[in-house]
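Please open the structure in your viewer and keep the selection panel at hand. The stops below are meant to be taken in order.

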Amino acid sequence: MPNGSKNTPARKANTKRPPSLDHAITVDAYFDTLADWLEREAEAERERMVRRRQIRDQTNVERTGETLVRMDLLDHNTGLAGRLVLDFGKPGEKPLPQNRLKVGSPVVVSDNANPADKGVPGVVSARRPHTLQVAVDVWPEGDRFRIDLSPDETTRRRQVAAMARARDASGRAKTLRDVLIGTRPLRFSEPKEVDFLTSLNPPQQDAVRFALSAKDVAIIHGPPGTGKTTTLAEIIYQCVLRGERVLACASSNTAVDNLLERLVAMLPHVLRVGHPARVFEALRGHTLDELVDADPSNEVIRDIRREIQGLMNAASKDFRGKSGHRQRREIQAEANQLRSQIRAIERSIIRGVLDRSDVVCTTTTIDDDLLGDREFDTVVMDEACQSTLPSIWQAVMRADRLILGGDHQQLPPTVLSNEAAGAGLRESLMQRMVNRDGEEVFRRLTVQYRMNESIMRFSSDMFYDSSLVADASVKAHRLCDLKGVDTTSLTETPLMFIDTAGAEFDEELEPDGESKRNPKEANLVVNLVRELFQAGICANQIAVIAPYAAQVRLLRNRLDAPELEIDTVDGFQGREKEVVIITMTRSNSIGEIGFLADTRRTNVALTRAKRKLIVIGDSATLGINGFYESMLEYFDKADSYRSVFEFDS
Ligand SMILES: Nc1ncnc2c1ncn2[C@@H]1O[C@H](COP(=O)(O)OP(=O)(O)OP(=O)(O)O)[C@@H](O)[C@H]1O
């Protein structure tokens with residue numbers, strides 16, 4: 001359980017500059033540096049929560065996506081290891097506003113009417129469009145409630161403990177640690193021939209052989225749509241074929257499930273550890289909870305439970321006098337003994353299920369109590385560029401060998417503390433190793449199965465040394481090739497940039513907010529979406545991406561099509577749609593582009609579309625930056641550059 005603000009003692013702000021890893025020449029200095037960054041991040045999370053709780057206007061506070069206000073308690077139950085499970089919803093069964101409270105998120109539930117109420121800590125255990133379920137230990141006070149995302153202290157404690165183990169590591173773990181830190185050289189054996197299960201392209205085959213030849217660590221670099229998950233699944237299959245036990249992990253539940261989905265089709269004994277509510281419904285049969293439930297020994301547990309119930313009924317009878325009290329104590333002692341018998345049987349069932357599994361899948365936040373001291377021959381970490389350095393050691397300390405998969409040219413890990421980010425917390429292990437060891441440590445997948453070649457080319461040139469190749473199945477595909485879609489000027493070409501320069505499509509600050517929006521660009525998006533509908537494109541084939549949350553909100557209000565996805569770039573990493581419209585939003589006279597300057601974010605946005613990519617932006621604002629200048633040139637050369645004056649808006 002997170003301790004929220006309630007139990008967090010006041011801390012002094014750390015005013016010293018954070019250390020950098022460049023000077024961390026000893027193992028102690030290395031882990032001291034990571035611990036310093038982690039503490040700064042914790043402080044930033046706590047400060048953010050305090051600031052959010054001070055926002056008076058309740059509409060604004062919900063805009064952060066981290067708080068729900070005016071929530072009614074709709075129902076309560078006992079579940080999840082005896083904890084209270086509370087169902088909350090808006091009055092009048094209104095749908096919940098867009099929010100980042102996900103299953104597993106640590107939260108604080110407090111009295112909506114009393115800003116001074118410190119609230120009680122809890123964990124989101126289910127979420128639906130109209131309700132949020134939270135598991136708590138204590139009943140919260142109040143008639144109407146507010147639910148705040150809270151700092152994740154449990155995860156942090158686990159990371160700190162794993163780093164302590166890594167610092168003191170010996171034997172094999174020490175060797176791997178030192179290779180990752182960079183004080184020992186990389187080691188590979190001669191790659192061997194492999195009998196592939198999946199039909200892989202040559203770079204994917206090469207990547208599998210390379211990973212299998214690694215003695216300590218290898219990296220699979222997977223640019224957008226190049227089959228990184230397919231390749232990692234084949235690596236895991238080959239490891240199991242060689243008698244290895246594998247831990248497959250990723251920072252998000254979605255990425256773990258994507259991998260799990262492939263693995264269960266390839267191997268019989270694949271286990272998913274994690275709360276079933278966090279796992280894709282179709283895959284829940286592979287969770288530890290469900291496998292433990294299905295174990296035949298559970299019959300015995302059910303019998304013992306009935307026996308305990310009988311004893312408790314007997315103990316509640318009216319006992320009189322000294323011997324009566326003794327009799328009751330004896331009955332209770334017997335029930336306790338039976339309870340510990342149940343726990344022992346449960347532990348042995350869990351051990352059995354774990355022992356039978358060739359592959360264990362989990363997020364990188366590992367339940368150490370559950371896995372005990374289990375070690376794995378190979379640990380495969382997907383989405384490795386989304387994991388900060390302190391967050392990897394739980395998995396690494398269980399590994400004999402580590403395989404990382406990811407793309408350091410897409411979004412880095414989310415870090416709140418600017419100081420820690422500046423010192424290096426936003427740089428993943430994978431990015432560091434690619435920078436430090438170069439091609440010796442990684443293999444890149446280069447055949448992509450998503451984008452029309454014209455959509456792919458700019459990203460390939462800017463981020464992947466022009467190495468990407470579009471597979472023949474996608475190379476020339478266009479919207480008008482889809483069944484039921486008309487051939488129009490919008491559907492027959494793969495690319496379009498609409499320049500708003502000179503048309504006074506000015507950006508503005510959202511009223512009472514901090515985020516930027518651009519209402520005229522939003523109008524243009526609405527018109528384009530209508531045109532796409534008219535040409536026969538369905539709402540679920542379209543995505544609108546905006547870098548700013550305020551522009552996303554504006555568009556969601558204007559476009560009333562539930563199946564049409566409108567989100568920030570961060571919400572789209574790893575996804576794809578037939579057609580993507582990007583509204584760049586920034587348009588000002590001083591050429592300020594804010595966080596569009598992190599071009600990896602734009603790379604993600606530009607590589608989500610399969611058949612048509614439309615970008616709307618102000619060339620006068622964007623063109624000041626060299627990257628965007630090249631992008632404008634690219635569209636121009638591809639004869640895909642239009643001025644907004646050619647469109648009705
Ligand atoms: N060798 C291959 N032959 C044919 N299709 C392939 C091959 N490898 C991957 N694909 C297809 O390409 C698509 C993307 O594959 P996958 O999901 O493994 O990619 P990814 O790199 O993990 O994606 P992302 O860019 O979302 O990280 C899938 O539809 C997959 O079936």
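This is a predicted model: local features need pLDDT of at least 70, side-chain atom pairs count only at pLDDT 80 or more; totals for chains, interfaces and linings use all residues.

Residues are numbered from 1 along each chain as its sequence is written.

**Domains.** Colour the chain by its domain assignment, which gives domain 1 (64–151), domain 2 (155–269 + 360–445), domain 3 (294–355) and domain 4 (451–646); such bounds come from an automatic or database domain assignment. The C-alpha centres of domain 3 and domain 4 are 62 Å apart.

**Helix 1 and helix 3.** Select residues 153–167 for helix 3 and 27–54 for helix 1; helices (H or I, at least four residues) and strands (E, at least two) are DSSP runs, numbered from the N terminus. The two helices pack at an angle of about 175° with their axes 10 Å apart, where axes are lines fitted to C-alpha atoms, for helices over the stretch in contact, and angles run from 0 to 180 degrees between N-to-C directions. Helix 1 is therefore roughly antiparallel to helix 3 (under 35 degrees counts as roughly parallel, over 145 as roughly antiparallel, 65 to 115 as roughly perpendicular and the rest as oblique). On the helix 1 side, the residues in contact (C-beta atoms, placed from the backbone, within 7 Å) include Phe31, Leu34 and Leu38, and on the helix 3 side they include Val160 and Met163.

**Helix 13.** Which residues of helix 13 (residues 418–425) are buried? They are Ala420, Ala421, Ala423, Gly424 and Leu425, and they pack against helix 1. A residue is buried if 20 or more other C-beta atoms lie within 10 Å of its own, exposed if 12 or fewer, and partly exposed in between, with C-beta atoms placed from the backbone.

**Helix 6 and helix 7.** Move to residues 228–241 and 253–264, where the axes of helix 6 and helix 7 come within 9 Å and cross at roughly 55°, which makes helix 6 oblique to helix 7. Among the residues making the contact are Leu232 and Ile236 of helix 6 and Leu259 and Leu263 of helix 7.

**Two positive phi angles.** Most residues other than glycine have a negative phi. Arginine 70, although not a glycine, has a positive phi of about 50°; it is in strand 1 (residues 67–79) and is partly exposed, with 14 other C-beta atoms within 10 Å. Finish at aspartate 465, also with a positive phi of about 50°, in the loop between helix 15 (453–463) and strand 15 (469–470); aspartate 465 is exposed, with 10 other C-beta atoms within 10 Å.

Technical notes. Two residues are in contact if their C-beta atoms, placed from the backbone, lie within 7 Å.
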